[in-house]
Amino acid sequence: MLAPYACDPARSRGRRYPEPEAPTRNPYQRDRDRVIHSTAFRRLVYKTQVFLNHEGDLFRTRLTHSLEVAQLGRSIARALGLHEDLVEAIALAHDLGHTPFGHAGQDALNACLRAHEGEAAREPRGEAEPHGGFEHNLQSLRVVDELEERYPDFDGLNLCFETREGILKRCSRANAEWLQAREPGGVGERFLQGRSPSLEAQLVNVADEIAYNAHDIDDGVRSGLLTLEQLEAVALFDVHRRAALRDHPKLHGRRLLYEAIRRMLSAQVYDVIDATRQALRDAGVQTPEQARAHPPLVRFSPGMREASGALKRFLWRNLYRHPQVMETTGRARRVVADLFQAYLADAALLPSARRRQGLSLRRQVADYIAGMTDRFAIREHERLTGERLFF
Ligand code: MG
């Protein structure tokens, strides 16, 4: 059922360390299974998506977000003839490198690393160490390439090239050059040549956007920070709310919200399928390599792109920048910054199992903090500073 432009495991560019094939699973299925069994994957359940993990049991976490991205990705992949297992492997791994406390934690860790770059002369960058601050996509790749410790013969999960390519959604030029030097012709190369990733990787990026637009509306209303009335200003949501009311005039409250979101999700999924089929036809793409030579072909129609952008801007203004969200993220930033200072001042506080060769102390500290769950970071902060910032 694979389309000619789908990634084919039989023609995979393979793993960094050669391994015999599994008897019953294709290589992308095996990658998916390795991700699910990883330590970093289990930690996603206690990591913030937008709302801090301890604020309520029903909000999305990085784990449930990743599962929703995988579900949407597989549905669309099947319709387009793309490789579902590869899409699922990339989707489940795409957020493995995220810090605790969502974007607040990531911004704080990035700022800490950048502030300490001036000290690089005192402690130079290690050979196994990326440039500059904290890039969460690169961190996801480092988790599956290096930081997971599960196999006797190599660090990381030894995933296929195509899975790693999809995980590295973005990369700065300096780090693409660093990756290219370590792995010539590897996953850094496309950033230097201005090429696209596989269609499966492109699909996960779009599925990610569809998933968070929808679930952030749901979580926003659940938290009381957004109201159904406010959402009437968002065309993409309101057209489906009205349609739901036309079909079910008595619908209200939570069920109206869910029905509108459900219809909105379906509309975006069908839009991506139609627009991508058209783009693939127009481009005359017949192989995965030809697809990589084009600007991304898995896409929304122009109208849906516009509508999704408007929804994103609404969420940015009204949810992500909501004073109540900003207040907790301010405390989250302090936890990360205080932990960074504490470990840097006294390396003995780092568990010895976390010490790694070829990395500066500041990078080892950053890796340790990035791997923490929200609640572990909060507890560790309280233990080291005696201060309790969250209850
Ligand atoms: Mg995501």
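A search of the whole structure, which is a predicted model, finds zero disulfides, a disulfide being defined as a pair of cysteine sulfur atoms within 2.5 Å. Cys7 takes part in no disulfide, the nearest cysteine sulfur being that of Cys160, 10 Å away, and for Cys160, likewise in no disulfide, the nearest cysteine sulfur is that of Cys7. Cys7 is buried at a relative accessible area of 4%, and Cys160 is buried at 2%, where buried means under 20% relative accessible area, exposed over 50% and partly exposed in between, computed with a 1.4 Å probe on protein chains only.

The magnesium ion is coordinated by NE2 of His65, NE2 of His94, OD of Asp95 and OD of Asp208, at 2.2 to 2.8 Å. Donors are here N, O and S atoms within 2.8 Å of the metal (3.2 Å for Na, K and Ca), and because water is not among the atoms, sites may look incomplete. Along the sequence, the donor residues follow the spacing H-x28-H-D-x112-D. His65 lies in helix H3 (residues 62–80) and Asp208 in helix H10 (residues 199–223), so that this pair ties together parts 143 residues apart in sequence; helices are DSSP runs of H or I with at least four residues, numbered from the N terminus. His65 is buried, with a relative accessible area of 1%, and Asp208 is buried as well, at 8%.

Residues are numbered from 1 along each chain as its sequence is written, and side-chain values use heavy atoms, with hydrogens and water left out. In this predicted model, local features need pLDDT of at least 70 and side-chain atom pairs count only at pLDDT 80 or more, whereas totals for chains, interfaces and linings use all residues.

Methods:
Helix = DSSP H or I, 4+ residues; strand = E, 2+ residues; numbered from the N terminus.
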